[in-house]
Amino acid sequence: MGQALRLARRGLYTTTPNPRVGCVLVSAGAVIGEGWHEAAGAPHAEVNALEAAALRGLSTRGATAYVTLEPCSHYGRTPPCVEALIAAGVARVVAAMQDPNPQVAGQGLERLRAVGVSTACGLMAAEAEELNSGFVSRMTRGRPWLRLKVAASLDGKTALNNGRSQWLTGAPARLDGHRWRARACAILTGIGTVREDDPQLTVRGIDTGRQPLKVVVDSRMELPLSAQVLAGGRLLVAAAVADAAKIAALESRGAEVVVLPDARGKVDLAALLGELARRGINEIHGEAGFKLNGSLLREGLVDELLLYLAPTLLGDAARGIFDLPELADLSGRHDLKIIDLARVGGDIRMLARLG
């Protein structure tokens with residue numbers, strides 16, 4: 001199963017909106033076929049593993065299939081994997097986790113058992129779920145997994161008071177940040193960041209054939225038509241006002257606009273995440289300023305924080321990570337659990353989860 005998970009990671013940048021899945025076929029104690037899901041619409045991991053065994057002239061009858069996600073039992077872009085496993089004569093299927101997709105949700109394993117195939121589920125389940133946190137979130141919560149990436153000084157500052165922030169961290173940390181961008185389905189930022197930094201919001205320096213959807217939260221539709229974020233690639237602008245002229249201007253530049261106002265005249269961030277989930281977005285990589293970061297955190301929409309700490313100090317007047325109200329009691333704090341801590345170049349990278 002560990003090898004199946006390593007195979008699944010090969011689809012880290014490419015499988016969206018599908019999950020990352022790997023499969024290993026074993027017969028008489030030897031691996032006879034391996035495969036992983038490479039892209040939506042392409043064959044699933046189980047089919048690729050079966051074909052790999054066939055190309056080697058090896059029989060799959062009586063084999064055991066180790067797969068990181070329950071085999072699908074419905075027709076989508078491809079036929080059900082359970083039928084391919086049954087036709088191949090596989091005798092046992094070990095799945096790391098049950099598929100959270102309501103169209104499957106145990107039905108794949110049930111179908112296998114119904115025809116006499118032995119099944120087991122739960123081997124390395126935590127590792128499998130970690131690999132597909134976004135897909136699981138979309139299927140079970142109706143919203144993507146939101147990761148906020150922040151580069152800050154050791155005193156927790158992300159920019160000078162005048163907005164200047166490039167560059168706090170070194171080149172290795174910035175390249176590492178692009179790896180995290182590459183695995184996401186969408187990159188999220190706010191209009192303040194666009195005005196101050198004019199980012200491209202693209203993956204650079206990483207070998208990937210897919211660019212994530214770019215999403216800009218722009219309540220009053222102030223996005224300049226000269227902004228780099230409009231220069232190629234898919235862009236979704238989330239607004240709170242339906243300004244027909246501005247919408248037409250943005251659409252003429254290839255952008256799409258959704259109007260999602262809340263009661264305060266701002267973008268309804270929860271509704272935006274729901275809209276992105278409906279579009280098949282599994283993981284969101286947020287790179288925003290302290291105001292949008294604070295709004296997302298206050299509304300309980302942040303799942304994890306990807307924090308790069310540079311060995312430097314910017315002082316009290318500089319901008320912080322989150323725009324949050326003053327606390328009168330420590331019971332109102334936001335606690336995090338550190339998942340990973342590593343050195344990247346001269347900087348420190350911390351991955352921490354909320355809740």
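Contact is taken here to mean heavy atoms within 4.5 Å. In this predicted model, R143 is placed in the loop between α6 (133-141) and β6 (145-153). With neighbours within four places in sequence left aside, R143 is in contact with S137, R138, L273, A277, G300, L301 and D303. The relative accessibility of R143 is 15%; because buried means under 20%, R143 counts as buried.

Salt bridges number 22 in the model. One of them joins R353 to E130, with 2.5 Å between the closest N and O atoms. This pair links distant parts of the chain, since R353 belongs to strand β16 (residues 347-354) and E130 to helix α5 (residues 125-131), 223 residues apart. R353 is buried, at a relative accessible area of 15%, whereas E130 is partly exposed, at 38%. Both R353 and E130 belong to a network of salt bridges that also links R20, R147, R183, E283 and E304.

R349 takes part in a salt bridge with D176, at 2.9 Å from N to O. D176 and R349 are buried, the relative accessible area of R349 being 15%. A salt bridge is also formed between R349 and D340, at 3.2 Å from N to O. D340 is partly exposed, with 31% relative accessibility.

As regards aromatic rings, a search of the whole structure gives zero aromatic pairs. The charged end of R10 sits over the ring of W36, 4.7 Å from the ring centre. R174 lies over the face of W167, with 4.6 Å to the ring centre.

Methods
Residues are numbered from 1 along each chain as its sequence is written. This is a predicted model: local features need pLDDT of at least 70, side-chain atom pairs count only at pLDDT 80 or more; totals for chains, interfaces and linings use all residues. Side-chain values use heavy atoms; hydrogens and water are left out. Helices (H or I, at least four residues) and strands (E, at least two) are DSSP runs, numbered from the N terminus. Buried means under 20% relative accessible area, exposed over 50%, partly exposed in between (1.4 Å probe, protein chains only). Rings of Phe, Tyr and Trp (its six-membered ring) pair if their centres lie within 6.5 Å; planes under 30 degrees apart count as stacked, over 60 as edge-to-face and the rest as tilted. A charge sits over a ring if NZ of Lys or CZ of Arg is within 6 Å of the ring centre and within 35 degrees of the ring normal. A salt bridge is a side-chain nitrogen of Lys or Arg within 4 Å of a carboxyl oxygen of Asp or Glu.
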